[in-house]
Every structure is written in C-alpha cells, then in structure tokens.
Amino acid sequence: MDKFTTLTGIAAPMPLVNIDTDMIIPKQFLKTIHRSGLGKNLFDEMRYHPDGSENPDFVLNKPAWRESQIIVAGDNFGCGSSREHAPWALLDYGIRAVISTSFADIFYNNCFKNGILPIMLPAEAVEALMKDAENGANARLTVDLESQTVTGADGTAYHFDIDPHRKHCLLNGLDDIGLTMEKARAIAAYETRIAQAQPWV
Amino acid sequence: MTGTPTQSGPRTLYDKIFDAHIVDRQPDGTCLLYIDRHLVHEVTSPQAFEGLRMTGRKVRAPEKTIAVPDHNVPTTADRVDGIENPEGRAQVAELDKNAREFGVNYYPMNDIRQGIVHIVGPEQGWTLPGMTVVCGDSHTATHGAFGALAHGIGTSEVEHVLATQTLIQKKSKNMKVEITGSLRPGVTAKDITLAVIGKTGTAGGTGHVIEYCGQAIRELSMEGRMTVCNMAIEGGARAGLIAPDEKTFDYVKGRPHAPKGAAWEAAVTWWKTLFSDDDAQWDKVVTIRGEDIEPVVTWGTSPEDVLPIGGTVPAPEDFEGGKVEAARRSLDYMGLTPGMKLTDIKIDSVFIGSCTNGRIEDLRAAAGVLRGKHLAPGVRGMVVPGSGLVRMQAEEEGLDRVFIDAGFDWRLAGCSMCLGMNPDQLAPGERCAATSNRNFEGRMGRGGRTHLMSPVMAAAAGVAGHLVDVREVMAEAPATA
C-alpha cells in the first residue's frame, strides 16, 4: 500500500448527498478478479452516456477537473454496498483523498486499506472547500496527514480528526495483515480457550 | 462466559458479544476481534485469495469459512450448462478453484443447498447466537437476527480474516430501536425496517450497532427478524442485532451445523445470557409505535425515501440542504411528478426475492395475495427463491403453481435482479415493485426504476398494475377459476 503523507492537488466538487458505491462503480464492473484497471469506469453511469461517449456536464469530464486528486463531496459519501471496488476505482483514477461531512462506515474503513484518506470535516468547512473546489486548478487544496489539516486556497487550514492507529498505518504504508500475524500466539490462545468452552463454535 | 469487559457495569448485547471475542486490545481501544464465521461469495473474494497466494499465506480456519456463489449466477434452468457471460463465469470458476484449493466449506452453483449467502448461512445452522459473523457483503447484517454480531467488510478485510481469523475493530456506539405494540394486518417486517430508515435516514445509524427490540420485534418470526436486520446497513449501521429467545433456539435446533447433545445444552445456557442489561447505556434511542406503521414504499433513489402507500410524491422543496438537489435528481431519474398519488404509479415488473425477502415465509406471504389472481396485463413478474432448499420447500407446498398460474417466472436461487450482476436486469426506464433492499440509480439495471416494498405489497402491485395498498387487494374476493 502506498504511503499517504501530503498531497496538493485539484479537488472535484460533488455536492450531491448520499453518493453510493453503486454510483462510484456500477455493478457490471465488479466482475473483475483484479484490483487495478477500474479508474476508467469510476462514476461510470454519471460520467458516460449510454452510447459510451463522455457526458460533458459531469465534473471529471470538464477540463478543469480531469486531473483531480481530491473529491469534496456531499453528506454520507460511500453509502451502500461493501464493494472495495469503490476505493480501488478512486485510486486507479488518481483520487487520494475525499472530503465530506460524513462517510458510510464500510467505505470509510476500506479507504484506509488502499492508501486513500477520507477526511471528515464540519459542514461549514466542507462548504468553504467546496467553493475552492469549484475553482478547479485555480484553487488547489493541500492535505497534510501529519498535522491533520486541509488548507484551502485562501490559506485557511481546517483541522480534522483521525484514529491514531489508522494515521500511523497510512503514513507508513503498513499492511494490517503483517501486523496481526505478529499476534499469532494470542490468536492461538483464544482458539484453545474457545475450543474448550464453546466446542460448537 | 464472557471476555474481559470493555467497560464496567451494565452492558448491551453488542457490548457482551464484542467483549467475548477480544483477542487483543491496544491502549487506544483498537481491538483484535476473533471471527467465528466467515462467509464468502465470488464477487468480493478473488482479490483476497490472490493476496494469500502472493504472500504464501493459508486460510487459518477453513472449517469456519463458508463459500457460495450467488451474485453472478443465472437463475434460469440452463445454468447447469454453465454461465454464458465470460466474466461472470470466470468469477464463479475462481471461487470454485479457491474454495477447493484452500479447503473451505463450499456449496457450488448446482448444489441444492446453494443460494444467497445470507440465506444459506442461517439455513445450514452456520449462524448461531453470540457469534461474530463477517462477509464481504454489506447485507451480512442479516445474521444479527440470531443475536450474532454480523457485519459487512471490504476485500482487504476478507483477506485479513482468511489469513488470521480476526478483524481489527474499534467499538461502535450503541443504538436502540424499539418497536412497541403490535403490527396491524398487512404490515410486515419489511415495513418496520423501511419505516425505521425513513425516520432516521440512511446515515442515522452510522458509527452505531443497532439493537432492535420491543413487542413488535419479539412477535416477528426468525425470518421476519432477518428482514429487519438485513437492512440495518441501509440505515447506516454496520450491524443490527436482536436478542435471541426461544424462537431463535427453535429455529436453530436440528440444523446441519447447529450443536447437538450436551453441546446444545451448553450453548443454550450461554445464549440465554445474551441480552442487554436493563440499565445499559444507549448512545441513541429511537422508538416507533408498531400500530403507527403503515405498509410503505420508496419513491426515490435512496432507501430513506420512504412513504406510507397512502401518500403523495414529494417535491424537492419539501427537503432541506443537499437533499433538495438529491430529491430533484431522484424524481427525474424515477420519472415522477411531485404531488401525484403513490397509488397512481404504474409498474412494469415485480421482483420477489433477495437476501431481504427470499425466504419461505416471504414466498408464502406473496403467494397468499396471488392465489386465484393474475398479474395485470403487461406486467412481468419474477420469483427467485433465496436458496435451492427454499425453492424445494415452496414446490412441496405448491407455491410454485400459485406463482406460475399468476403469470410469474419461477426461478432458481441467486441474488438475481437485486443487483443486476447476472442476466436478470431491468431495462432502461422499466419500473419495478421489488422486495429487495436498494433503490439506487442503476442498481437493478441501468436506467431501471426500483420501488422497495414488502412481498405482499409487491404481489399486490403486480395484480393491480400500479402501487397499491395490499389491504385493498386482500379485501377483494379472489377471481373464480
């Protein structure tokens, strides 16, 4: 997993609330057995017309936002299905951070496993950053994970909260499985205890 | 017999199950939680097994891992000849290969026990009270009906559980949803769960585990309770729970993987301790009177867009903030005009099935409405049992004849139209009365329009040709044959 330290980039404004994982990556693209290659179908049904041509009205198809690395989104981003294809598609497109007032739990969790930083901020801060995002390349945002800040175009820095364990893993690109494997003895001890006490499990 | 409590004093059911599964706890509260049952399907697992292969890791507890293909499988009889779609076929073949190579429990596509993973787990007795259950699928919440802590995970976590049989977790908050009193006739478990989402919103449960309680919940069958917990995720909660009781024990007893003999007695003794203490602390409480719940339908493209069937389509201006634009977009997508009566919405198709409403009682209830009646002209209907065993049971009861006589297609088990990853899909603009769980844009097929409702409401809509109050259809005398 790639580390996440700092990022300065263009942010795409997506003020719609409840953007669900079916919108982020529709079900027909879940048939892959690989993690990569989903970026071209990110937001597929909003981004392309049924004939496959680009919808020029969709934000990521407009010249100013084609190189976006950040999304500023409406409330409850990532609700719905548990598909990790959603963060995979975002990452494959080049999105490394999403800013919203709230995220669905499973999506939020999945982001951290893939080097994407989901940033939760109060409504006023998201509104201000949404205005910056609307200015495209003229108003790049800077995310600094170490100091836990997002800095807008006018220099205003917004502080965000993040779980210390998740921050540590993201800053260092650490793989959870390797860390957990170091606790194999504790897992084995638990299994021995349960095999005695609850043989039906 | 519980582990070290994460807190002193009275605990909720969630607290108790969580505590009993702690393998390791860090000073910051991050826990390593043991996973008792890991359910696996073909869509969210290939990359996880591939990860194991690349790192030379094994499945730590193959005996606690259960795999079944469901999302991609066609529901037509010709599936015995294989899956036509090459990508879907490859994904099911990959599960087949992984299940055999890693030695996990497996129900292949043409096994009579195959079905939707959340129907197969409880049916086979894999799901038991007090367990932790995970699956790379958000509707894992279903298993909470047994008083199991069950939630969806992403593929990276699937790999983590395969390799370590544990999950890194922090405690969620506790939310109580109480449904007091009794439901009125024609009102079902689906109406409860939709009514709750309508009240709290799709983010109302975010960060929480919901425990459903109250007389109306106690009065539900196990299958009804599964329907309620199934849609906890649509309310934003990762898990929904219902304390186990005698109904739970009766349902579990005798199933292939349920404990037997002395182990059964010991298990029940522990299961009887699984309830929230009287003075447990709740972070959020929602109470709804069972008598106040009407048969409901969704009008928009979010499960929170719920209204009683007697209502009218709302206008964007009825909402606030970001929901105004979302409602405008929903109405446009759904092709609806503010102010029109919900009962004036004509439908093109009916879908009965899914992990929400694909069990035998759902089929019985829908058949009860359809007996001696027929789909309205021009309406197509599809009934997809949740498992091969549900299908067999329905056929033994003659329900297949009722559906076929009413003009429905009678299908083999799978996720079917609910998520359109297989040949069962809505056409652009096709409007469906569906017993599934998500009305998102494109969910059941690009441009497809989904109205969520209970099996009896979907059946009634099929007969009427438009959304309708099932109580009116039931009041009419059946047509004489």
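Visitor: How many bridges pair strand β15 of chain B with strand β16 of chain B, and in which sense?

Guide: Four bridges, in the parallel sense. Strand β15(B) covers residues 349-352 and β16(B) covers residues 380-383. Keep in mind that this is a predicted model.

Visitor: Which residue is the bridge partner of B:F351?

Guide: B:M382, which sits in β16(B).

Visitor: What sheet do those strands belong to, and in what order do its strands come?

Guide: An open sheet of five strands in chain B, ordered β17-β16-β15-β18-β19, with parallel pairing. The edge strands are β17(B), residues 408-410, and β19(B), residues 449-452, each pairing on one side only. On average, neighbouring strands in this sheet are turned by 20 degrees against each other, ignoring direction.

Visitor: What holds strands together in a sheet, in general?

Guide: Backbone hydrogen bonds, and the pairing can be parallel or antiparallel.

Visitor: New topic. Which strands form the open sheet of four in chain B?

Guide: The order is β11-β10-β9-β12, and the pairing is parallel.

Visitor: Why is one side of β11 and of β12 in chain B left without a neighbour in the sheet?

Guide: Strands β11(B), at 239-241, and β12(B), at 284-289, stand at the edges and have a single partner strand each, so one side of each has no neighbour in the sheet. Here the neighbouring strands are turned by 20 degrees against each other on average, direction ignored.

Visitor: How many bridges are there between β10(B) and β11(B)?

Guide: Three, in the parallel sense, with β10(B) spanning residues 208-213. Within β11(B), B:G240 is the residue opposite B:I210.

Visitor: Which strands does helix α1 of chain B lie across?

Guide: Helix α1(B), residues 13-20, lies across β9, β10 and β11 of chain B, at about 125 degrees to β10(B). Helix α6(B), residues 189-200, lies across β9 and β12 of chain B, and its angle to β12(B) is about 125 degrees.

Visitor: What about β3(B): which way do its residues point, and are they buried or exposed?

Guide: B:R37 and B:L39 point one way, B:H38 and B:V40 the other. All four are buried. In a regular strand the side chains alternate between the two faces of the sheet.

Visitor: Which residue is the bridge partner of B:L39 in β6(B)?

Guide: B:C135. Strand β6(B), residues 132-135, runs parallel to β3(B) and is joined to β3(B) by three bridges. Strand β4(B), residues 65-67, also runs parallel to β3(B), again with three bridges. There, B:H38 stands opposite B:T65.

Visitor: What does the chain pass through between β3(B) and β4(B)?

Guide: Helix α2(B), residues 46-55, and this β-α-β crossover is right-handed.

Visitor: Last topic. What are the domains of chain B?

Guide: The domain assignment gives domain 1 as 13-285 and domain 2 as 299-475. Taken over C-alpha atoms, their centres are 24 Å apart.

Visitor: How many residues does the contact take from each domain?

Guide: Domain 1 of chain B gives 40 residues and domain 2 of chain B gives 36.

Visitor: Which helices supply at least two residues of the domain 1 side?

Guide: In chain B, α4 (117-123), α6 and α8 (222-230) each do. The largest share of that side, six residues, comes from α6(B).

Visitor: And what classes of residue are on that side?

Guide: The side of domain 1 that touches domain 2 in chain B has 13 nonpolar, 18 polar and nine charged residues.

Notes
Residues numbered from 1 in each chain as written. Chains lettered and ligands numbered in written order. Predicted model: local features only at pLDDT ≥ 70, side-chain atom pairs only at ≥ 80, totals over all residues. Pairing = 2+ DSSP bridges. Axes fitted to C-alpha atoms, helices over the stretch in contact; angles between N-to-C directions. Contact = placed C-beta atoms within 7 Å. Buried ≥ 20, exposed ≤ 12 C-beta atoms within 10 Å, placed from the backbone. Right-handed = clockwise from strand over helix to strand, strands pointing away. Domains from an automatic or database assignment. Nonpolar A, V, L, I, M, F, W, Y, C, P; charged D, E, K, R; others polar.
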